[in-house]
Amino acid sequence: MPSNKSVSDAPIVQFTNCRILRDHQLQREDLWVREGKILNPEKLFFDEKGSADVQLDCKDSIIAPGFIDVQINGGFGVDFSLATDDFKSGIDLVSQKILSHGVTSFCPTLVTSPPSVYHQVLPQITVRNGGAHGAGILGAHLEGPFISKEKKGAHPEHCLRTFEAGAFQDLLATYGSLDCVRIVTLAPEMRRSSEVIQELTKRGICVSLGHSVANLSQAEEAVQHGATFITHLFNAMLPFHHRDPGIVGLLTSDKIPAGRRVFYGMISDGIHTNPAALRIAHRAHPKGLVLVTDAIAGMGLAPGRHTLGQQVVEIDGLNTYIAGTKTLSGSVATMDTCVRHFQEATGCSVETALEAASLHPAQLLGIEHKKGTLNYDSDADFLMLNDNLYVQATYIAGEEVWQQDASGM
């Protein structure tokens with residue numbers, strides 16, 4: 001006789017009365033969770049003869065995968081590009097605070113810095129799972145210093161570097177270690193960049209093209225050598241030109257290797273990219289769009305002066321500039337705000353907007369088998385949202401780690 005004993009004694013939680021984002025559609029079904037994973041209810045009923053230990057009424061909420069931010073420079077007064085003795089407590093604070101904005105995993109991002117900063121900061125970044133302590137850390141995103149002087153944006157010119165002979169060794173010496181590095185942004189027109197792209201890709205590190213004056217053929221060559229991402233499309237690159245569309249042309253290039261997809265980051269804050277440009281990119285290549293905040297230390301703080309690595313920046317409303325200039329320097333938008341603005345600006349479906357902040361970044365990093373979806377056996381990192389895409393609760397590994405208080409939206 002088959003026993004009613006479940007395969008596992010761990011409690012099973014059934015989330016009812018909800019619409020789950022699965023297979024690109026909001027589906028009216030229940031979500032089952034056990035031991036931090038999404039459970040297949042059919043297996044539970046038929047193989048284990050099991051049932052839920054706890055039922056939670058979601059009151060018609062949307063349940064979507066947790067957001068993944070692959071470009072965030074800091075927030076709430078913390079700057080990831082500043083080498084401080086209490087760096088760990090700073091990264092802990094940011095990972096805790098972004099839970100309320102639906103981010104369950106992120107890549108702390110360092111802008112162009114002197115080698116001493118990388119050597120001090122990178123050993124203090126540890127890849128770790130999320131939980132009540134905060135969002136999970138997927139590895140660092142190093143944006144620079146191997147970028148173009150002409151398109152440096154808010155990056156300090158005196159710290160920029162080119163690849164010398166023995167280019168990859170040069171990069172290693174600059175960063176000190178690649179142990180916790182997940183993404184490197186570089187300018188592909190630099191001499192010797194091809195060998196660097198190949199070496200990084202070989203090590204499972206995602207190469208992103210940005211802060212660059214590359215033409216389209218240089219960008220295509222970089223992709224053929226393994227690059228898969230574009231850092232904040234349109235920002236800090238040559239503007240689109242019909243005879244040579246530059247990096248932007250990768251969105252519709254016919255020279256992308258078969259079976260490969262180029263992804264591109266967009267800062268959908270209403271400041272960095274005009275809504276029309278957002279619509280053009282989305283319509284040209286919807287499956288590659290990855291929402292990023294590019295948030296700086298001033299996110300979550302009052303207007304005024306803050307830092308971005310070696311630079312002082314001024315926040316005026318949603319605008320952030322290098323102090324005394326009109327050079328944009330990162331954003332103060334939160335991920336949930338970017339998702340709402342993207343949906344409003346493009347008129348895309350709710351499903352599309354949510355996947356741009358969850359499924360697509362997971363696919364970019366090659367972790368879509370465990371994050372970015374609500375498929376069976378994937379990590380139970382998910383959000384409850386209302387119809388206007390405001391986050392009501394955040395869950396990591398099936399545990400509630402943040403909840404909107406009753407006075408909230």
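**Group meeting: a walk through the predicted model**

Let's start with one residue. Leaving out residues up to four places away in sequence, D92 touches R128 and H133. Contact here means heavy atoms within 4.5 Å.

Now the ground rules. This is a predicted model, where local features need pLDDT of at least 70, side-chain atom pairs count only at pLDDT 80 or more, and totals for chains, interfaces and linings use all residues. Residues are numbered from 1 along each chain as its sequence is written, and side-chain values use heavy atoms, with hydrogens and water left out.

Back to D92. D92 sits in helix α2, residues 87–97. Helices (H or I, at least four residues) and strands (E, at least two) are DSSP runs, numbered from the N terminus. D92 has a relative accessible area of 33%, so it counts as partly exposed. The cut-offs: buried is under 20% relative accessible area, exposed is over 50%, and partly exposed is in between, with a 1.4 Å probe and protein chains only. From D92 to V78 is 14 residues along the chain, and their C-alpha atoms are 9.8 Å apart.

Now the whole protein. How many helices and strands does it have? Ten helices and 22 strands. The C-alpha atoms fill a box of roughly 70 × 45 × 40 Å along the principal axes.

Of the 409 residues, 57% are buried. Take the contacts between residues at least 6 apart in sequence: 69% of them join residues at least 24 apart.

The surface next. The accessible surface is about 16,700 Å², and carbon and sulfur atoms account for 50% of that. Areas come from the Shrake-Rupley method with a 1.4 Å probe; for residues, only the protein chains shown count as cover. On charge, there are 33 positive and 45 negative, and their mean positions are 4 Å apart. Lys and Arg count as positive, Asp and Glu as negative; His and the chain ends are not counted. Each charge is placed at NZ of Lys, CZ of Arg, CG of Asp or CD of Glu.

On to the record. The unreviewed UniProt entry puts the annotation "domain: Amidohydrolase-related" on residues 62–401. UniProt positions are in the numbering used here, feature names are shortened, and annotations may be inferred rather than shown by experiment. That span is 24% helix and 22% strand, and its end C-alpha atoms lie 17 Å apart.

Which residue carries the "active site" annotation? In the unreviewed UniProt entry, it is D294. D294 lies in the loop between β16 (289–291) and β17 (304–308). Is D294 buried or exposed? It is buried, because its relative accessible area is 6%. Beyond its neighbours within four places in sequence, D294 is in contact with Q71, N73, E143, H232, I267, G330 and S331.

Next, the loop between β11 (140–143) and α4 (167–175), where we find I147. P145 lies in that loop too. The peptide bond from G144 to P145 is cis, with omega near 5°. I147 has a relative accessible area of 2%, so it is buried. Not counting residues up to four places away, the partners of I147 include T112, K152, H155, L160 and R161. Others of its partners, including T185, L186, A187, M190, G210 and H211, come under that count too. I147 and A83 are 64 residues apart in sequence, and 21 Å apart C-alpha to C-alpha.

D23 is not a glycine, yet its phi is positive, about 55°. D23 is in the loop between β1 (12–22) and β2 (25–27). Its relative accessibility is 55%, so D23 counts as exposed. D60 is not a glycine either, and has a positive phi of about 70°. D60 is in strand β5, residues 54–65. At 32% relative accessibility, D60 is partly exposed.

Last stop: R260. Where does R260 lie? In the loop between β14 (229–230) and β15 (263–266). R260 is partly exposed, at 31% relative accessibility. Setting aside residues up to four places away in sequence, R260 touches V223, G226, A227 and T228. R260 and Q224 are 36 residues apart along the chain, with 9.5 Å between their C-alpha atoms.
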